[in-house]
Amino acid sequence: MTTRREFLLLATALAVPTAAKAQLDPNLAQKRKAAFQEALRRIVGDAPVRKGRVKLQLPPLIDNGNSVPLSVSVGSPMTDADHVRAIHVLTEKNPLPDVVSVHLGPRAGRASLATRVRLADTQSVTAIARMSDGSFWSDSSEVVVTLSACLEEGLI
Amino acid sequence: MARAVVTVPARAKRGEIVEVKTLAQHPMETGFRRTQTGELIPRDIIRRFTCTYNGTEVYRVELHPAMSANPLIAFSTIATETGTLAFQWAGDNGYSVTETASISVE
C-alpha cells in the first residue's frame, strides 16, 4: 500500500517536468511553419516554384550553428535577356524564416553567393531564385545541427 | 582592425568574371538573446550591403538576424572597365561603412 508520504513524493516528481513543459509554446512548430509559408508567399506570390537550376551547398553535419558556410549558385547564362534577378534563402525553424536576400543582374556574371549563416536547429534550408522571366526555382538541403545558434525560450 | 575588408583582383581581362570577397566587422546581435537578468538584448544588425561598379549597382544584399557575426559576402562581377568598386554596409543604430577597391581592366 502507498503511504501518504510516498504518494506526495511521487506526485511532486511527476508534476515538475509537466510544469517545465507548460512554459513552452505548444504551437511553436505550427507558428514557425506558418511564418515560413508567409515568407515564401511574400517572395513568390502565387507563382509555382520548381525544383532545379539552383544549387544550395551546406555541410550536412554542423558542429556550431553560429557560423555555417552556405553557398548558392544558379544555372543561368546571365545575359540581358535571361538572368537571375534575386536569390532568397529561407529556413524552417529559425526564429525568423528569412536569412538573406540577394538582388543581382547580368553584371554579376555568375549568379552566386557565398556567406556564413546561423542555424537554430536541425532543419531544412531552402534557396529560391527568381529569374528575369518571372519563374521561380528552388533547392532544399537537410542539415543536422549539434550546437544551435540563438538559443531562446521555446527552442530546445 | 579595419571595420571592413574587401578582396578584389587588382587587374583583370575585359569581360572576365572576377571574384569579390567582403567581410564587415559587426556583432550582428539577433535581438533574440537575453542577458543573465533575463532582459532581451536589442537587435543590432547590418541590414543592407551594396556593391557598385563605377556607379552602377551590381550586387545588393538584404541581411537578416540569421547572418553570422562579421558577415562574409562573396560574389562575382564582370570586369567591364577600369574603375572603382564601391561597397557600402548600412544597418541598425546608424551603422554605415564604405570601402572602395580599384580594378584595372586590360
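**Exercise 1. Identify the bridge partner of A:Val49 in β9(A), and describe how the strands that pair with β9(A) run.**

Solution. Step 1: in β9(A), A:Val49 has A:Phe136 as its bridge partner. This is a predicted model, in which local features need pLDDT of at least 70, side-chain atom pairs count only at pLDDT 80 or more, and totals for chains, interfaces and linings use all residues. Residues are numbered from 1 along each chain as its sequence is written, while chains are lettered from A and ligands numbered from 1 in the order in which they are written.

Step 1: strand β1 (residues 49-51) of chain A pairs with strand β9 (residues 136-147) of chain A in the parallel sense, over three bridges. Two strands pair if DSSP finds at least two bridges between them. Strands (E, at least two residues) and helices (H or I, at least four residues) are DSSP runs, numbered from the N terminus.

Step 2: strand β3 (residues 61-64) of chain A also runs parallel to β9(A), joined by three bridges. Here A:Leu61 stands opposite A:Val144.

Step 3: strand β8 (residues 123-131) of chain A runs antiparallel to β9(A), with eight bridges. A:Ala129 has A:Trp137 as its bridge partner in β9(A).

**Exercise 2. State how many residues lie between β8(A) and β9(A) in their hairpin.**

Solution. Four residues separate the two strands of this hairpin. In the turn, A:Gly134 has a positive phi of about 90°.

**Exercise 3. Describe the contact between chain A and chain B.**

Solution. Step 1: chain A contributes 26 residues and chain B 25 residues. On the side of chain A that touches chain B, β6 (98-104) and β7 (111-117) each supply at least two residues. β6(A) gives the most, with seven residues.

Step 1: β6(A) runs antiparallel to strand β5 (residues 56-63) of chain B, and five bridges join them. The bridge partner of A:Ser101 in β5(B) is B:Glu62.

Conventions
Two residues are in contact if their C-beta atoms, placed from the backbone, lie within 7 Å.
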